[in-house]
Amino acid sequence: MPTVRLALCDLAADWNPRDNYFTRALTKRGYTIQYCTSPADKPDFVLCGTFGHEALNYDCCRIQFSGEDSWPDLNLYDYAMGFPDFAYQGRYLRLPLYAMRDTWAAALHKHEHPDAYYLDRPGFCCCVVSNDFSAERNAFMETLMQRGLLDSGGGYRNNVGGPVADKTAFQQNYRFALAYENSADPGYCTEKIADAFAAGAVPVYWGDPEVKGEFNPESFLCAADYPDENALIQAMQALAADKDAYLKVCRAPILAPDGSSRAAAYADDETCFRFLDGIFRRGPHLRRNRSCWGSIYENDRKYHLRLAAEAARPKTLGDRLADLLRGH
């Protein structure tokens with residue numbers, strides 16, 4: 001069985017560094033992972049997120065994953081995974097965050113429930129939003145709320161008595177669920193639409209302009225198809241009032257029957273496994289994928305991070321007196 005010496009760092013707070021999408025994809029196919037917890041352990045590879053800069057301390061092959069709307073920096077990292085759709089000589093894999101969610105399996109089977117599951121819902125539309133980053137989403141939420149058509153169960157504009165504990169259970173009470181991204185970049189299609197699918201609600205989507213290539217366009221409403229908010233709301237209300245039309249959308253699988261949906265590549269974790277397995281088999285010496293400019297850029301980055309850390313450190317009495325003497 002293959003063995004890999006692997007460190008994991010800079011991951012989101014809710015990620016377990018020893019039990020996550022990546023480690024499960026590897027171990028269930030026979031990999032033995034020797035977990036390293038610091039650069040002193042001298043791992044062959046470090047798999048890192050975007051929530052910190054600890055990976056820069058590792059002098060080994062770096063593999064970055066981003067679940068945010070960002071482009072990978074292949075000067076700093078040897079390989080990367082994320083949302084943008086491009087090819088870079090085997091050094092990059094498009095891997096959307098929705099494929100890693102616990103809701104993904106339920107989303108793939110969202111069209112298989114009895115009619116009552118979709119129809120017996122007391123609420124019209126809901127959302128679970130934690131921030132105000134998207135002006136498009138904020139505006140549509142406001143319009144729906146003014147008309148009494150939206151229940152907000154997240155931390156932002158909450159009107160249901162506080163943030164809900166279970167997003168899926170909350171969304172299962174509604175015909176529609178807003179799935180508006182923080183931004184509208186090609187390829188940036190997150191867990192929001194998959195979470196709505198998993199709850200059996202019809203997603204009302206805004207964001208990725210290529211979303212109809214990602215998922216079956218018959219299975220959701222795309223805000224970009226309507227000239228304004230009023231037209232979209234009218235379409236939602238008309239669909240909710242037409243039992244057969246509503247069930248048709250609910251019954252549409254999220255992957256287009258002709259096999260054209262890009263999301264089909266992530267129906268399981270095989271795509272991710274093949275990418276990581278290929279990296280490990282090529283060997284850790286390929287950390288030299290990074291350009292000579294990468295070393296210059298990395299040292300500059302570390303320098304500015306160190307300055308920022310020093311500036312943020314609480315000053316001692318001696319530091320403050322020294323500042324006064326220097327006239328600061």
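**Exercise 1. Which residues of helix 6 are buried?**

Start by reading along the helix: Glu191, Lys192, Ile193, Ala194, Asp195, Ala196, Phe197 and Ala198 are buried. Next, look past its end, where glycine 200 follows with a positive phi near 75°. Keep in mind that you're working with a predicted model.

**Exercise 2. Get the overall picture: how many helices and strands does the chain have?**

Counting gives 12 helices and 11 strands. Now check burial: 48% of the chain's 328 residues count as buried. Then turn to contacts between residues at least 6 apart in sequence; 65% of these join residues at least 24 apart.

**Exercise 3. Find the largest nonpolar core and say which element gives the most to it.**

Step one is the core itself, which has 48 residues. Phe22, Met81, Leu95, Trp104, Phe215 and Leu276 have the most contacts inside it. Step two is to see where the residues come from. The elements that give two or more are strand 1 (3-9), helix 1 (21-27), strand 3 (45-48), strand 4 (61-65), strand 5 (79-82), helix 2 (104-108), helix 6 (191-198) and helix 10 (270-282). Helix 10 gives the most, with 6 residues.

Step three: zoom in on leucine 276. Leaving aside residues up to four places away in sequence, leucine 276 touches Phe22, Leu26, Leu47, Ile63 and Met81. There's also a second, separate core of 29 residues, and Cys127, Trp206, Leu221 and Leu239 are among its members.

**Exercise 4. Take a closer look at helix 10: what does it pack against?**

First, its dimensions. Helix 10 has 13 residues and reaches 18 Å from its first C-alpha to its last, close to the 18 Å expected at 1.5 Å a residue. Second, pick out the buried positions: Thr271, Cys272, Phe273, Phe275, Leu276, Asp277, Gly278, Ile279 and Phe280. Third, follow those buried residues to their partners, which are strand 1, helix 1, strand 3, strand 4, strand 5 and strand 6 (92-94). Finally, check what comes after the helix: glycine 283, with a positive phi near 105°.

**Exercise 5. Describe how helix 4 and helix 8 cross.**

Two packed helices are described by the angle between their axes and the distance between the axes. For helix 4 (residues 135-146) and helix 8 (residues 229-241), the axes come within 11 Å and cross at roughly 55°. That angle makes helix 4 oblique to helix 8. As for handedness, helix 4 passes helix 8 in a right-handed crossing. To finish, list who makes the contact: Ala139, Phe140, Thr143 and Leu144 on helix 4, and Glu229, Leu232, Ile233 and Met236 on helix 8.

**Exercise 6. Where do glutamine 89 and arginine 157 lie, and is each one exposed or partly exposed?**

Begin with glutamine 89, which isn't a glycine but has a positive phi of about 50°. It sits in the loop between strand 5 and strand 6. Its relative accessibility is 78%, so glutamine 89 counts as exposed, the cut-off being over 50%.

Arginine 157 isn't a glycine either, and its phi is positive at about 55°. You'll find arginine 157 in the loop between strand 8 (151-152) and helix 5 (167-171). With a relative accessible area of 35%, arginine 157 is partly exposed.

Key
Residues numbered from 1 in each chain as written. Predicted model: local features only at pLDDT ≥ 70, side-chain atom pairs only at ≥ 80, totals over all residues. Heavy atoms only, no water. Core = buried A, V, L, I, M, F, W, Y, C linked by side-chain atoms within 4.5 Å. Buried < 20%, exposed > 50% of the residue type's maximum accessible area, 1.4 Å probe, protein only. Helix = DSSP H or I, 4+ residues; strand = E, 2+ residues; numbered from the N terminus. Contact = heavy atoms within 4.5 Å. Expected span 1.5 Å × (residues − 1). Axes fitted to C-alpha atoms, helices over the stretch in contact; angles between N-to-C directions. Parallel < 35°, antiparallel > 145°, perpendicular 65-115°, else oblique. Left-handed = near helix turned anticlockwise from the far one by under 90°.
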